[in-house]
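Hi,

Here is the structure I promised to send over.

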Amino acid sequence: MELDERKKTILKLIIATYLETGEPVGSRTISKFNDLNLSSATIRNEMADLEELGYIVQPHTSAGRIPTDKGYRFYVDNLMEEKEEAEVEKSTLLERVDRMELLLKQVAKVLAYNTNYATLVTAPKYRKTVKFIQLSKVDEATLLAVIVIEGNLIKNQIIPIDTILDNEDVLKFNILLNTFLQGASLEDINLEMINAMKKQSGEYSIILDQIFQGIIEAVHEANELEIYTSGATNILKYPEIGDISKTSELLEKFEDKEELSHLLEETTGNKDDSHDIQVYIGEENTVSNMEDCSIVTATYKMPEGATGTIGILGPKRMDYKKVVSTLKNLTIELDDIFNKRKGVNDDG
């Protein structure tokens with residue numbers, strides 16, 4: 001059975017009412033909408049069909065209905081397909097700040113305050129490549145490697161060595177490392193490259209292993225995802241998310257960087273390129289203990305091509321229309337900030 005226009009209208013009204021009240025919705029409530037002109041009996045029949053189709057469910061006998069994950073998915077898909085009658089109204093949600101870290105922390109804080117949900121923002125992810133490596137002697141047993149990563153990230157790595165090197169040896173290592181590694185990413189540093197470098201380093205190939213280990217650790221650290229969060233305790237405002245023990249576990253997960261990285265990989269790994277905003281409802285979230293939640297993510301883009309993710313975590317009874325509108329507004333504002341900043345840098 002396909003949904004005709006009347007069923008679609010009734011389903012949208014049930015979901016909109018439940019999102020607003022948090023209470024099961026009955027046929028009498030729906031019949032009060034003047035535009036319907038349907039009796040309670042007719043609405044009850046339509047609601048029975050919708051329940052049979054899996055869009056709504058009756059949580060208790062004699063109670064009204066609430067949406068299922070399938071019902072929410074119908075609602076969100078229709079919301080995303082609707083043509084906007086007007087452009088998203090732009091407002092200054094963010095203060096102008098110079099440092100990227102402070103800006104993204106502010107984004108998370110503003111979103112949590114405006115939506116009353118938990119929020120997370122990732123730093124833009126570049127393909128981290130080595131720009132330059134400079135080795136220098138600290139003492140007879142120690143080298144200092146200064147590694148400059150794409151995006152002007154600088155990592156200092158102390159490297160212990162077992163063999164004494166003179167200044168000429170250190171210079172040769174600098175030339176060798178930069179010849180092979182300039183412009184290389186972590187994925188490019190493979191066994192073939194390492195063997196070629198060892199062959200050229202001759203008797204000092206063992207030291208090269210030690211230097212390599214330090215460099216790989218520094219590049220790997222630069223590749224770690226920076227995540228800024230806010231509003232975690234907002235989760236406690238929605239009892240439908242689960243019992244106390246489950247909510248506590250969810251809060252712990254939200255504060256764990258590794259868990260959040262996994263969550264973002266799960267929700268953005270198979271992103272549909274047709275639009276930047278994605279909605280994951282209930283059991284669509286494959287991360288454990290997220291089946292009572294919805295996650296809405298958006299992508300922001302840097303002029304250089306790097307991208308980051310903004311995420312909002314809340315109950316399935318989320319105000320999707322407000323969340324989607326807020327994210328659209330915010331990504332537009334971020335685009336303006338980043339493009340203006342690039343213009344200033346280019347002029348400078």
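Which residue does Arg 6 pair with in a salt bridge? The partner is Glu 46, with the closest N and O atoms 2.7 Å apart. (By salt bridge I mean a side-chain nitrogen of Lys or Arg within 4 Å of a carboxyl oxygen of Asp or Glu.)

Before I go on, some housekeeping: this is a predicted model, where local features need pLDDT of at least 70 and side-chain atom pairs count only at pLDDT 80 or more, while totals for chains, interfaces and linings use all residues. Residues are numbered from 1 along each chain as its sequence is written, and side-chain values use heavy atoms, with hydrogens and water left out.

Back to that pair. Arg 6 sits in helix H1 and Glu 46 in helix H3 (residues 40–52), so the bridge links distant parts of the chain, 40 residues apart. Helices (H or I, at least four residues) and strands (E, at least two) are DSSP runs, numbered from the N terminus. At 5% relative accessibility Glu 46 counts as buried, whereas Arg 6, at 39%, counts as partly exposed. The cut-offs there are under 20% relative accessible area for buried, over 50% for exposed and partly exposed in between (1.4 Å probe, protein chains only).

The whole structure has 12 salt bridges. Another one joins Lys 8 to Glu 5, at 3.7 Å between the closest N and O atoms. Those two are 3 residues apart in helix H1 (residues 5–21), so about one helical turn separates them. Lys 8 is partly exposed at 26%, and Glu 5 is exposed at 56%.

Then there is Arg 73 with Glu 284, at 2.6 Å from N to O. This pair also links distant parts of the chain: Arg 73 is in helix H4 (residues 69–81), and Glu 284 is in the loop between strand E8 (278–281) and strand E9 (293–301), 211 residues away.

Now for some helix packing. The axes of H6 (residues 167–181) and H7 (residues 191–201) come within 11 Å and cross at roughly 155°; axes are lines fitted to C-alpha atoms over the stretch in contact, with angles from 0 to 180 degrees between N-to-C directions. The two helices are therefore roughly antiparallel, a label for angles over 145 degrees. Residues in the contact (heavy atoms within 4.5 Å) include Phe 173 and Leu 177 of H6 and Met 193 and Met 197 of H7.

Cheers

Note on methods:
Angles under 35 degrees count as roughly parallel, over 145 as roughly antiparallel, 65 to 115 as roughly perpendicular and the rest as oblique.
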